[in-house]
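Hello,

Here is the structure for you to look through. My notes follow below it.

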Amino acid sequence: MSNLYNDLAEVYEAMYATFIDYKLEYELYESFLDKFNKKKLLEIGCGTGSLAKHFIRNNYEYCGLDMSADMLKIAKEKNPNTPFVQGDMRSFKLANQIESVLITGRTISYLVENNHVLSSFKCIHNVLTEKGLFCFDFIDANEFIPYVNKTNSITHKAEFKNKNYIRKSIWEPNILSNWHLNWSSTYYEEQQGNLIEIGKDSAKVRAFTKDEILLFLNLTNFKVNDIFKRKTYAFPTYMVIAEKVI
Ligand SMILES: C[S@@+](CC[C@H](N)C(=O)[O-])C[C@H]1O[C@@H](n2cnc3c(N)ncnc32)[C@H](O)[C@@H]1O
């Protein structure tokens, strides 16, 4: 599990508040839930609960799931009295079925092997009620892989509560078995022009082609209602809106 979601959870919280407009993210997911008339949801990869607060404010019956205790600690502080469950999306159950499941913030990138994707989609199928809604986004391999193959670093900057954060990332594409890469980042705080290292992180992450995702959904009994391209702070992604079929 990536160090970013454990020891560096507070740094994640600070930096991603700059990278992601969670209100806009919420409005997008809300439009899907509204269209399919769903008011109850499970958010997988809920992280520090930045989307959760929008769902709760707008009277959704919300539950968050994440693998990291440190991310969930912040999520719970921000959203007291809200159910958050620690679990692995590759193998989880819920006490009761639910009418919609979201995997947010490209968390699907951590399903690096085909069997991880299949087991996760099967768990989601099991926890969904009939015609349950399943939405998620993924990094588009057709754009991402050529990019990471010809470049090898990127720097992200963020300002949060009067502190300047810098993340310098490098990667090693590992595309022999599927579209994944080994990603390493060093995090710094800028103090009076000096960079003070505050942590390191590395993770194996995966991009997908649209056809791969359509096949995974087909194999796990989901019908696709819509799939469209969308730009995010970092990389071009697709958004998927699917429905459980028996
Ligand atoms: C990129 S962050 C996204 C967090 C949040 N959705 C956001 O947009 O800020 C990915 C999250 O997925 C969680 N995660 C990674 N692998 C997971 C797994 N197998 N099961 C559940 N959560 C996982 C991490 O702990 C982290 O909180």
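A nitrogen atom of the ligand is 2.9 Å from an N or O atom in the side chain of Thr 104. Asp 66 has a side-chain N or O atom 2.6 Å from a ligand oxygen. For Tyr 12, the distance to a ligand oxygen is 2.5 Å. Alone, the ligand exposes 590 Å², and the protein buries 95% of that (Shrake-Rupley method, 1.4 Å probe).

This is a predicted model: local features need pLDDT of at least 70, side-chain atom pairs need 80 or more, and totals for chains, interfaces and linings use all residues. Residues are numbered from 1 along each chain as its sequence is written, and side-chain values use heavy atoms, without hydrogens and water.

The ligand is surrounded by 18 residues (a heavy atom within 4 Å). Tyr 22 and Gly 45 are among the closest. The shell has eight nonpolar, seven polar and three charged residues. Here Asp, Glu, Lys and Arg count as charged, and Gly is among the polar ones.

Now the rings. The structure holds 25 aromatic pairs (ring centres within 6.5 Å).

Best wishes

How values were computed. A polar contact is a pair of N or O atoms within 3.5 Å; within protein, one must be able to donate a hydrogen and the other to accept it, and residues adjacent in sequence count only if both atoms are side-chain atoms. Rings of Phe, Tyr and Trp (its six-membered ring) pair if their centres lie within 6.5 Å; planes under 30 degrees apart count as stacked, over 60 as edge-to-face and the rest as tilted.
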